[in-house]
Amino acid sequence: MTAEESDDFEKAPSTTSISQISRINRQFRLKSNRKSNIISMVQELYLRKDVPCKSLLCQNNCTSNKENDVFLSLDVSHYVVLDSQICRDYLEIWETPEIKGIIFPQTIVNSVQYEGNSRQVKRLKALLDDPRKGSVLFCNEFHEDVYCERQPKEPTSEWQTKCCYKVSEWYYNHLNGQMPIIMVTDNTKMIEEYGCKTLNVFVLSMEDYMNNFWEELPGIIDLYASLRASLDSKQKGTEYLGYLPMHCLESGVKTGLFIKGHLNVNKHDAQREAFLQRSSCSDIKSGNTDILIHGMPHRNRAIHGDLVVVELLPKSEWRGRSMCLNENNQGSEDEESDMSTVMPNGKVVGIIQRNSRDYAASLVTDENMESEGKKNPRRADRVLAIPWDYRIPKIRISTRQIENLRDQRFVVRIDSWELGSQYPNGHFVRTLGPAGDPETEIATILVENNIFIGNFSDSQLQELPKVSPENPWEIPVEESSKRRDLRKSHLVFSIDPPGCEDVDDTLSVRHLPDGHIELGVHIADVTFFVKPGSLSDLEARGRSTTVYLADRRYDMLPSVLSSNLCSLVSGEDKCSVSVMWEMDASFNVLDVWYGRTLINSSYKLTYETAQALADGATVEEASSKITELETLGTDKHQRVEELRVAIRLLMEIAFQLKAERKEKGALDLDGLEVRPVVDEKKNISELIIDKHLEVHDTVAECMILANEWVARKISSTFINHALLRHHPLPRQEFFQDIIDFAKVKNFTIDTSSNKSLADSLDRCVDPNDIYFNKLLRMMAVLAMPQSLYFSTGSLNRDNFFHYGLALDVYTHFTSPIRRYADILVHHQLLSAIGEGPDDYKLPGNEELQKFCDHINMKHRAAQNAQRDSQKMFQALYFKDKSFDKNKEDVIAEAIVIQLRSNGVLVFVPRFGLKGPVYLKDKQDKVVEFSAANQKMEWGHGSITRGDNHVTVISRSGKKMKFTLLQHITVIISLELVNAHQPNVKLELLSDKPILLQNQNQTDLKNVFDKLSKKDANALSADEIAAASANSFTHLNTEYRQSEAENSLYEVFESFQEMGIMSV
C-alpha cells in the first residue's frame, strides 16, 4: 500500500494553554497496488507547545530532561536546517565530524524514511544518536506553533521546504536571536521567497553554503563536488541500472548481442576509463578489439577484474580514450578536447563473477575526526576506506577500531554494492601495520597481488629428510644404482646471480672421442623428494612459484629443499634429471638422452666471473673470485684453463643456437633493468642498472634448448595431456605506438610476422642515440601478450607455438625448485622415459588444465609483486633527497616517449623510471624557465599539441618545443601519497639534455660575467664565436626583441582599444 496525503484537512479547535493539546484530523488516500482502489483514512494529530528544542541556549526551560538525549552543539557559529532533498542527497557531508548543530525537522526525517532507502534511514539515525555531532530531531509536526498545513494541490517538496523555514524562524525567535539559523535548499523559488524575510534567518543554496562556510576544508569541498557530479549524472539519466537476469546475459553472449570479458580499469584515470578486452572482433568492423567503458555510470558498479557482460552503445555515442595526463587520478579538463581515435564504447549490463579478493586500504586522513570508541566501544562507526589500488573505488566499512586504524594500512573486503549507493559496502579484516613502514608496504604488495605467504607446517616438515651439520643427508645406495653417474666423468658447474641459494640448473660440455660434442643440462630432481600427493606437493601446488621481491624471496619449497637437498651447490653429490645432446662440429643435434643422474658440481660461478673467464681473466684474478680454487695448489692453472675452455665452448654453441632461432624469427626483447640495492635496514643505497653480458645469453640458450626438447618428448608421448607453454600471436593494433615511434627517425617496422619484426628491430639503430633501440624493444615487450601454460588437449595443435622464441613447442623444465609447472613436467618426462613411480597416475587433460589455470594466475601475481616492490624501492631511493642538497642524485636525463595535450611521458634511463612530466597545471599555467631560480616555474601562457610535437608558449613569448625521442632534463623527487604506493614525481628542469644544458650554462656564464664587468675587450672573437655557436638559441630566446603580438607596445595598444570600446 502507498499513502498520499489528501488536499483537505480538518482541524479541531485549539487552546493556548501549554497543559492542553489541540487535535486535528489528517485525511489520507491509500491506493492499493493490486486493485488500484482508493481508500480514505483519517489520522488524528495532537499538537502541543512543550515539544523540547534541545538547545542549551533555551531560556524557556523546554529542553529535554532525558539523561541520554543529545543537545545542539554550542561550539558552532550557526544552526543548520536542511530540506528533504538536501538531507538525502548530501547525507555523507552531514556525517562529517566538522559540521555540527544540525536541526532535522520531523517532516524531513519522515521524507527520508519514505522516499529514501533503509540504509539512509540507519545512517541518519546514527547521526542523530552521535553526541559528537550535536544534532537533533525536532518534532515540528507535533508543535502547535510550528505545525504547517499542506495546502490543496501544493507540491510536496514546496510544503516540506515551507515546514523547514517555519522551523528555522521558530528556533531563531525561541532562542531570542542568540544563534543565527541557516536553512539549506536548492529550491530557487523558496530561496527568493524566504531569503530576505527574517533577519538572521538565512536561506542558502547548497553551493553557497559550502563555499561560504567550509571553503577552508578541502576534503568537504571535494566531497561536495563529487556528490554534485554524481547527482548531475543522475539528472542526465546515467544513474546506475539494475543487472539483467543471468539467462538473458548468457543468451545475449551466445547470440552476439552482448560481449563477455574482464573489466580492466585504467589506473591513471580510474574514474573515467575502463576497458573490456575480448578475443574476437568479428562482430565489429572496427579493427580495435578493446571496448571503452567511459564513466562510472556505464561501468555500473563493476570493479576492476570483474567478469562482466557489456552491451555496445550506439556508434553516435562512441568516443576515444583520453590523451591527457591525469595527476593522481583526478582527471583533466582537457579530456574532451584531446581524445584518441574513436573506438567501440559499451556499458555493463551484468556481472558474471565478482573479482572477490582482499584489498589493502587506509582511512581518509582527518586530524579533526574523533573516535567514538572511548565513549561507546560497542558502537561501529561507518567510514570510507581508500584502497591502495587507484582502480578500486572507495569502500564504506563499519568498524570500532577507527582510533587504532589511523595512519595504518589494513585489509578490507567488499560485500555488496547497492543500486543507489555511490560506494560499495565492505568490512574490516585485519591490520597490516603503519603506512610507510617497509614491512607494511611489502605486506600490502602481497595482499594486492593475492599472495598469501605462511610458514610451512610442522607436519609438512616432518615428512622431509632430517638434515644437520652433524648428520648430513646422503643419497641412498639403491637410488644411486638406478642413476647415470656423471660425478667423475663430467665437468659440471653452475652460473647464477650473486648470492643465489636455490640453484636449479648446472651445465656440462665436453669433446667426445669421435670428435663430436656432448652438451648437458642438469636440473635438480625435486620430484625425488616431493612425492605426488604429499603435503609438500600440495603446498607447492598452492604457492605455484617462488616470489622474488626487491629485498627478499618467498620460497615455494621449504628451505631444507630449496637451499639444501635440491640445490645443486658445488662440492656435494646431488640428484638431478639431465638432458644431454650429442652434436657434430657444427653444433647440429645428432642424438639426445633423457634420464636421472648423479652429479657433483665443481664450481658455483656468478655471471660476472664466468664472463671474466671467457674474456681472458688471469689465473690469479679467477682464483680470487672462485672459492673452489682457493684450496688448489699447482694444478690451479690447469683447472682454470679447463673451465675457461668449457665456458667458451658453451658460448659458441649458444651463439649458434640463438642465430638459428633468430633466423626463424625469434625476438630479442631484453629491456633496461634497474635493481635497487637494499641493506638490512631497508635503506636503498643505490640503483644499479644490470649490465647484460654474453654469458647471460649462453645460459639462457642452454635452458631454452632443454625446455624445447623436453616439450618435444612429452607432447609426442602424451598427446592430449602434456603441459606446454604457449606465447600467442600479438594483436596488430598494439604495434601502432612502436610503428609511430620508429617513424620519428625514418625507420619502418614490419609486424607481419615475428621474423619481420625481429629484422625491423635489428635495423632500428641510431649511432647518435644509444637508447633508441632499447626503447623500441621495451615497447615491443608491452605489445606482447603473456605466455601461458596449457594442456595439449585444451588447445588446437596449430596454436602450440611460442611466438617470441620462434619454437613449435615449448615448456618449462629447468626450474623445479621455484616453479610447480616444472615439477609437473618432470613427472611427465620421467613417465615418458619409463622412470616414473609405478603408483602415480598423471593428471588427465581436464585436471591438468585446471592446474595450468591456477599456475598462470600465481605466476602473473608473482611477476606483478616483483614489479611493484622494485617500483616502491626505486621511489624510496629519492627519500630525503632534494634539488637543493642532492643535485647529482635527483637530476637526470629523460627521453620523451609520448606526447599529450598537457605534458609528455618520459623514460629516465639512468634509473629505469617512466612517468609524466606536466607542462600545464590545473590552473592552466604553463612551465617557463626562471633565470633567478635556475629552474622551471609556473606562469601564464598556452600549450598546443600537434601530430609530432607539443609546444609551450610563455607569456613573454618564449617557446619550448617537445618532440618524440627528444632528450630533456628532469628533477626527480619522492611523492608520498598516504593511501597509495609511493611514486616518483618528475619535473622539467630543461628542454635540453643534461650535458648540453650544463655546457650552455657554462658558456653563457663566462660571457655574461665579463659583460657585467663592462670588460668587453676581455672577450676575444673566438670566445664570442664559441659561446654563440653553443648558445645562440638560448641567447636569442632570452634577449631577442619581442615578437609583434607579444611586445609591450602591442599590449598598451590593446588596452587603449579596450578603453575606447567600453566608452
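This is a predicted model: local features need pLDDT of at least 70, side-chain atom pairs count only at pLDDT 80 or more; totals for chains, interfaces and linings use all residues.
Residues are numbered from 1 along each chain as its sequence is written, and side-chain values use heavy atoms, with hydrogens and water left out.

View 1. Helices (H or I, at least four residues) and strands (E, at least two) are DSSP runs numbered from the N terminus, and two strands pair if DSSP finds at least two bridges between them. Valine 521 stands opposite valine 579 of E25. Axes are lines fitted to C-alpha atoms, for helices over the stretch in contact, and angles between N-to-C directions run from 0 to 180 degrees.

View 2. Antiparallel pairing gives the order E11-E10-E9-E12-E13. Strand E11 (290-294) and strand E13 (346-353) stand at the edges with a single partner strand each, so one side of each is left without a neighbour in the sheet. From one strand to the next, the twist averages 40 degrees. Three bridges connect strand E9 (residues 258-265) with strand E10 (residues 273-277) in the antiparallel sense; leucine 263 has leucine 276 in E10 as its bridge partner. Helix H9 (residues 246-255) packs on the sheet, where it touches E9, strand E12 (307-312) and E13, and its direction makes about 115 degrees with that of E13.

**View 3. Helix H23 and its surroundings.** Helix H23 (residues 772-783) has twelve residues and reaches 17 Å from its first C-alpha to its last, close to the 16 Å expected at 1.5 Å a residue; the expected span is 1.5 Å times one less than the number of residues. Its buried residues (under 20% relative accessible area; exposed is over 50% and partly exposed in between, with a 1.4 Å probe and protein chains only) are Phe772, Asn773, Leu775, Leu776, Arg777, Met779, Ala780 and Ala783. Their cover includes helix H21 (736-743), helix H22 (754-763), strand E32 (891-900) and strand E33 (903-908). Asparagine 773 has a relative accessible area of 16% and is therefore buried. Neighbours within four places in sequence aside, asparagine 773 is in contact (heavy atoms within 4.5 Å) with Leu761, Cys764 and Val765. Cysteine 764 counts as buried at 0% relative accessibility.

**View 4. Leucine 729 in a loop.** Leucine 729 is found in the loop between strand E30 (723-726) and H21. With a relative accessible area of 57%, leucine 729 is exposed. Neighbours within four places in sequence aside, leucine 729 is in contact with Pro785, Phe801 and Tyr803. The C-alpha atoms of leucine 729 and asparagine 754 are separated by 8.9 Å, and these residues are 25 residues apart along the chain.

**View 5. Aromatic pairs.** The whole structure holds 17 aromatic pairs. Rings of Phe, Tyr and Trp (its six-membered ring) pair if their centres lie within 6.5 Å; planes under 30 degrees apart count as stacked, over 60 as edge-to-face and the rest as tilted. Tryptophan 94 and tyrosine 209 form a tilted pair, with 6.2 Å centre to centre and 45 degrees between the planes. This pair links distant parts of the chain, since tryptophan 94 in helix H2 (residues 91-94) and tyrosine 209 in helix H7 (residues 206-213) are 115 residues apart. Tryptophan 94 is buried at 0% relative accessibility, and tyrosine 209 is buried at 0% relative accessibility. Phenylalanine 138 and tryptophan 170 form a stacked pair, with 5.1 Å centre to centre and 20 degrees between the planes.
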